[in-house]
Amino acid sequence: MEHAEPGADAAAGQMTRPARAAGPRRAHHLIGEPMPTYLRRVALLAALALPAFSLQAQPPQPPHDGGSPAAKPPRRGADAALVRALQDHRWTLQAATDADGQPIAALLPPGHAFVLRFEGERLHVTGGCNSMNGGWRLSPQRRLDVSRLAATMMACEPALMQADAALAKVLAQPLDVLVAPGVEPTLRLRSAERQTLYFGGQRTPQSLYGEPTRIFLEVAPQTVDCVSGVQRTQCLQVRERRFDAQGLRIDPPGPWQVFHGSIDGYTHHSGVRNVLRINRFTRPQPPADASRYVYVLDLVVESETVPK
């Protein structure tokens, strides 16, 4: 059964990335609280100004099996194959032990798992309370050095905030890197104090499908009944949004559509409206019962709790 795809008919002539990027300061707000209008404007400007893609639909790059074409060693002399392996996978923390081989409970909060993404020369960390990112370098001796991490400023339960702090402390140290290749590769990071972190790897969409098209989707606060395959379920309602160089919405927005599928990295909470910056990848040979697109969350640009 065919379904309309959000963002599939983006018209030519839409807004492109502003020539001058926004400054480094970012606005933050507490989870569950409506974002003030001025913060929304700042967030939109920052989202639109990041150097990546325009809103105008772009032809996807052909898929390839050799990994991300942008994978470059962050330092001359680094092991290029190791850098490629780091950048071509998302690494999910599976275990963490101290020098005595005992689990480091602070790094393993129940129901949450840290994920590392090595994108270009930036390391992105998600899965705890706040998103963190910083620069990274790999020495010829396979030693990882991470610059001081910047983080969002959301308020969470104490265990998650403590987990963020514990991981940031480990990543602040030089870490020996070992990757065991395979269909499901593993990454081991070990500090001089013999703290050891074990991660499982999953191929990134970029390494599988090439470069994405960037779109913005507004997600309605409530889901709707729908049919997926032969089963009735709940689906998101989405519509495409466009913005000008000042971060102002270009109206009217696209029509609301029932979204059959999922957005990787996004968890919907009933009663919360979001505007998402999405990387949309094109599958070269999608299964007969699947969308030809893969949607991956890049950034939550705007979030608002909507009273029932």
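Let me start at helix H2, where Asp-79 caps the N-terminal end, with a side-chain oxygen 3.0 Å from the backbone nitrogen of Ala-81. What you see is a predicted model, in which local features need pLDDT of at least 70 and side-chain atom pairs count only at pLDDT 80 or more, while totals for chains, interfaces and linings use all residues. Residues are numbered from 1 along each chain as its sequence is written, and side-chain values use heavy atoms, with hydrogens and water left out.

Helix H2 covers residues 80-87, and Leu-82, Val-83, Ala-85, Leu-86 and Gln-87 in it are buried, where buried means under 20% relative accessible area, exposed over 50%, and partly exposed in between, with a 1.4 Å probe and protein chains only. Helices (H or I, at least four residues) and strands (E, at least two) are DSSP runs, numbered from the N terminus.

Moving on to strand E1, residues 89-97, we find Arg-90, which counts as buried because its relative accessibility is 16%. Its side chain makes a polar contact with the side chain of Asp-264 at 2.6 Å; a polar contact is a pair of N or O atoms within 3.5 Å, where within protein one must be able to donate a hydrogen and the other to accept it, and residues adjacent in sequence count only if both atoms are side-chain atoms.

Now the backbone. Most residues other than glycine have a negative phi, and most peptide bonds are trans. Here, however, Arg-142 has a positive phi, near 60°, and the peptide bond from Asp-251 to Pro-252 is cis, with omega near 0°.
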